Amino acid sequence: MPVLSNILLEAKNNQLRLAATNREIGINCWIGAKVEDEGAITIPARLLTEFVNSLPPERIDMKLTAKTQTMHLSCARFEANMKGIDAFEFPLLPTYQEDPIDVKTPVVTGDTYTVEKEALAKIIDSVIFAASSDENRPTLTGIETTFDERKLTMAATDGYRLSVRTIDTSHGAKATVIVPARSLGEVARIVKNAAGDVTIVISEKRNQILVSAPGQKLWQRVEVVSELIDARFPDYRASIPKSHTTRATVDTKALLDAVRVALLFARDAANIVRFAFTPDIGSEPGRVQLSATSAERGNNASELTCEVEGGRVEIALDGRFVIDALSRIDALHVVIDMTAPTRPATWRPVGQDGFLHTIMPMHPPNAA
């Protein structure tokens, strides 16, 4: 459908609505406008975006010639005529309004929740990186989203790592759905600029989710509507270790910096970074030693002091995964729980409940 490459512009009721969709996700945005004559057209998205981005920050006047489906745009000394496609061919995008102005526009109704904008952006950022990008495993390309007892929990996994985070939300019916990670990525980008709390609606048929964000001066409201993934998410809770034999408390930034250096040498060796945790002995503090070896680049070793309880343990992890996890932890220290070189390592920020991350080890540290 060529029209899916276009942006819908609809002028009505002193508003200009812009909309785009790829059939899986749709975005509506309303901005204030002085409308002399109502009308609608779809314009190629790339052309419109690049042209508007090249204009000075002044008023844009638009005039539609319906007979030829041509939009005339003028701003300062710039003018352009853009050929478009009839708005009638653009798919109807659902919206969320208590009293919709246009009765033809489908309205999403169902379980409704209210979430603080910063918290929603934070929870998405804490889990989205762990979702799979493999389209052959469509379930894992989504994020399990659960509303339960004033709590919102999101979980993502690609089979090698797991990220789970919980935040507070308004009371509503219990619901669990799988939302495509790409859709939540758009939501996180948009809600950061919202003017207030965000409304989330799960459709009655459990086949769509809609996120409505109130706007600021530049826009009045933005809505993201996405299809849901109809599948059963893996029981990730069963894979989370219930106990540990070694627990280390490490400075988050220092560990992140050390892993980044080690990854410079690990990139040619399957990104394997080896961690050796040694517990406190008498007056000697605990420590973690990091090492990475590349047949072509050389090797690297570093050591950090930390608190280590339990026995000594060595574990080999994908350095990229460790960096991804530590980059999302804004606490000063992180707790790492381990049981064996072949069992997942669990990461939790100190003093911040509600966030958990596990990483499966590569091969045992001494394996050939």
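User: How do strand 10 and strand 11 pair, and over how many bridges?
Analyst: Strand 10 (residues 142-148) pairs with strand 11 in the antiparallel sense, over 5 bridges. Two strands count as paired if DSSP finds at least two bridges between them. Strands here are DSSP runs of E with at least two residues, and helices are runs of H or I with at least four residues, both numbered from the N terminus.

User: What kind of model is this, and how are residues numbered?
Analyst: It is a predicted model, in which local features need pLDDT of at least 70 and side-chain atom pairs count only at pLDDT 80 or more, while totals for chains, interfaces and linings use all residues. Residues are numbered from 1 along each chain as its sequence is written, and side-chain values use heavy atoms, with hydrogens and water left out.

User: Back to that pair. Which residue is the bridge partner of Phe-147?
Analyst: Leu-152, in strand 11.

User: What sits between the two strands?
Analyst: A turn. Strand 10 and strand 11 form a hairpin with 2 residues between them. Glu-149 in that turn has a positive phi of about 50°. Arg-150 lies in the loop between the strands too. Arg-150 also has a positive phi, about 60°, although it is not a glycine.

User: How many bridges join strand 11 to strand 12?
Analyst: 7 bridges, and the two strands run antiparallel. Strand 12 covers residues 161-168.

User: Where is Arg-77, and is it buried or exposed?
Analyst: Arg-77 is in the loop between strand 6 (70-75) and strand 7 (78-83). It is exposed, with a relative accessible area of 84%. Its C-alpha atom is 9.3 Å from that of Leu-55, which is 22 residues away along the chain.

User: New topic. How many salt bridges are there?
Analyst: The structure holds 21. A salt bridge is a side-chain nitrogen of Lys or Arg within 4 Å of a carboxyl oxygen of Asp or Glu.

User: Which parts of the chain does the Arg-247 and Asp-337 pair link?
Analyst: First the bridge itself: the closest N and O atoms of Arg-247 and Asp-337 are 2.7 Å apart. The pair links distant parts of the chain, with Arg-247 in strand 17 (residues 246-251) and Asp-337 in strand 22 (residues 333-338), 90 residues apart. Arg-247 is partly exposed at 30%, whereas Asp-337 is buried at 6% relative accessibility.

User: What is the partner of Arg-320?
Analyst: Asp-318, at 2.9 Å from N to O. Arg-320 is partly exposed at 41% relative accessibility, while Asp-318 is buried at 4%. Elsewhere, salt bridges that share partners join Glu-10, Lys-12 and Arg-17 into one network.

User: And which residue does Arg-221 bridge to?
Analyst: Glu-223, with the closest N and O atoms 3.0 Å apart. Glu-223 is buried, with a relative accessible area of 1%.

User: Last one, the whole chain. How many helices and strands?
Analyst: 5 helices and 24 strands. The C-alpha atoms fill a box of roughly 85 × 50 × 35 Å along the principal axes. Of the 368 residues, 47% are buried.

Definitions and conventions. Buried means under 20% relative accessible area, exposed over 50%, partly exposed in between (1.4 Å probe, protein chains only).
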